[in-house]
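Biologist: I am new to this structure and would like to go through its terms one at a time. Please show it to me, and then I will ask.

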Amino acid sequence: MLIESVANVISGRTVVVTGHTGFKGSWLALWLHKLGAKVTGLGLSPDQGEHNLFERAGVASACRSVILDIRDREAVAAILREVRPSVVFHLAAQPLVQRSYEDPIATFATNVMGTAHVLEAARNLDSVEAVVCVTTDKVYENKEWHWPYRESETLGGRDPYSASKSAAEMIARPYMSVLPSQGSCRIATARGGNVIGGGDWSEARIVPDIVRAVRDGGPITLRYPGATRPWQHVLELCFGYLVLAKCLLNGRPGLGKEPKRFVDGWNFGPDAELEISVGSLVRHMLEVIDKPEHPVEMQKSTLHESTYLRLDSSKARAELGWRPLLDLRTTMAWTAEWYRGYLADPRCARALVENQIEEYLRLCQGLTE
């Protein structure tokens with residue numbers, strides 16, 4: 001089975017996760033710990049206030065946690081030399097579109113040069129076999145198509161965040177091909193959709209905004225209710241990253257595909273039913289939490305926002321064996337259940353994460369290698 005193959009390849013390996021103090025990084029670090037990896041996390045101190053998932057879920061107890069800024073090239077290189085990882089998952093980023101308008105220079109410095117620092121440090125170590133460099137669905141030059149983007153589409157980005165992530169993809173390309181490494185470092189990029197799930201408390205993100213509004217009794221404020229996005233649960237993306245790392249390390253022996261075959265860019269998007277508008281997402285979420293009449297307000301914004309954005313993940317399905325496992329109802333229910341449990345007792349954050357990982361692993365049993 002695919003998940004057993006992933007576990008067998010990852011277990012016992014020394015792994016670095018950059019951005020381990022963030023939302024996705026916390027989920028990934030805990031899953032890697034469960035798989036038996038020796039995890040070191042690199043990242044900034046969490047900035048989501050008292051409710052941040054990293055601290056509430058005790059992620060530091062599941063890994064060696066190193067607080068540093070990936071804009072510091074020497075610090076990144078020094079810790080990787082010390083740890084000598086076999087695998088690097090690069091998630092550290094300035095991930096917020098609105099913040100990228102407020103501070104584009106910091107966004108470019110983190111997402112562009114920070115990525116270069118991590119990749120350069122990795123290629124200079126003979127221990128590193130695989131790097132999964134996480135970007136986003138927003139790396140594509142958005143032409144407002146109704147059909148999904150494939151990995152071969154033109155990269156681009158009008159807003160600072162999208163441009164910085166597209167640039168990170170461009171930086172990864174020479175590291176994939178023409179820049180020699182000390183060992184057999186294989187690099188791939190992972191382009192995921194709009195991630196949702198329990199434990200995200202970021203500013204100006206729709207699910208945390210819904211949770212805060214319902215909790216505090218205020219209205220939900222929408223800026224672009226008609227914008228269509230590929231929404232997916234955080235575990236769907238983390239599973240994609242793990243499967244990609246496994247293929248970079250071990251290939252797919254049963255299909256005769258060597259690890260180097262997977263050095264490329266990969267889309268990890270949801271099924272079509274999860275490619276819905278912001279307004280539809282809000283309605284579904286409010287129905288799941290039994291608050292269908294909660295007030296929603298519209299707010300004008302001068303910031304650029306694309307209307308349509310969809311991902312074609314057929315390559316990952318065919319070549320990696322990965323596919324999304326959660327339908328719309330389950331994605332919303334798991335997200336709502338996590339926040340409901342957490343707000344009832346914040347001490348349960350770690351258990352809520354681990355329970356949902358266990359549920360997801362049961363769904364994975366139907367996937368063959």
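Biologist: How many aromatic pairs does the count come to?

Modeller: The count comes to 12 aromatic pairs. Rings of Phe, Tyr and Trp (its six-membered ring) pair if their centres lie within 6.5 Å; planes under 30 degrees apart count as stacked, over 60 as edge-to-face and the rest as tilted. One of the pairs is Trp 31 with Tyr 360, at 5.9 Å centre to centre and 80° between the planes.

Biologist: What sort of numbers are these?

Modeller: This is a predicted model, in which local features need pLDDT of at least 70 and side-chain atom pairs count only at pLDDT 80 or more, while totals for chains, interfaces and linings use all residues. Residues are numbered from 1 along each chain as its sequence is written, and side-chain values use heavy atoms, with hydrogens and water left out.

Biologist: Why is the pair of Trp 31 and Tyr 360 called edge-to-face?

Modeller: The centres are 5.9 Å apart, and the limit for a pair is 6.5 Å. The planes stand at 80°, and edge-to-face asks for over 60.

Biologist: Which parts of the chain does the pair of Trp 31 and Tyr 360 link?

Modeller: Trp 31 is in helix 2 and Tyr 360 is in helix 13 (residues 349–364), 329 residues apart. Helices (H or I, at least four residues) and strands (E, at least two) are DSSP runs, numbered from the N terminus.

Biologist: What makes Trp 31 and Tyr 360 buried?

Modeller: Buried means under 20% relative accessible area, exposed over 50%, and partly exposed in between (1.4 Å probe, protein chains only). Trp 31 has a relative accessible area of 0%, so Trp 31 is buried. Tyr 360 also has 0%, so Tyr 360 is buried.

Biologist: How do you know that Phe 239 and Tyr 360 form an edge-to-face pair?

Modeller: Their ring centres are 5.8 Å apart and their planes are at 70°, so the pair is edge-to-face. Phe 239 lies in helix 9 (residues 234–250) and Tyr 360 in helix 13, so this pair ties together parts 121 residues apart in sequence. Both Phe 239 and Tyr 360 are buried.

Biologist: What makes Glu 358 and Lys 34 a salt bridge?

Modeller: A salt bridge is a side-chain nitrogen of Lys or Arg within 4 Å of a carboxyl oxygen of Asp or Glu. The N to O distance between Glu 358 and Lys 34 is 2.3 Å, so the pair qualifies. Glu 358 is in helix 13 and Lys 34 in helix 2, 324 residues apart. Glu 358, at 30% relative accessible area, is partly exposed, and so is Lys 34, at 39%.

Biologist: How many salt bridges does a search of the whole structure find?

Modeller: The search finds 22 salt bridges. Another one of them joins Glu 275 and Arg 310 at 2.6 Å, N to O. Glu 275 lies in strand 11 (residues 275–277) and Arg 310 in the loop between strand 12 (296–298) and helix 11 (314–320), so the pair ties together parts 35 residues apart in sequence. Glu 275 is buried, with a relative accessible area of 12%, whereas Arg 310 is partly exposed, with 22%.

Biologist: How do you know that Lys 315 lies over the face of Trp 266?

Modeller: A charge sits over a ring if NZ of Lys or CZ of Arg is within 6 Å of the ring centre and within 35 degrees of the ring normal. Lys 315 is at 4.3 Å from the ring centre of Trp 266 and lies over its face.

Biologist: What is Glu 153 in contact with, leaving aside its neighbours within four places in sequence?

Modeller: Contact means heavy atoms within 4.5 Å. Glu 153 is in contact with Tyr 140 and Trp 145 on those terms. Glu 153 has a relative accessible area of 14%, so Glu 153 is buried.
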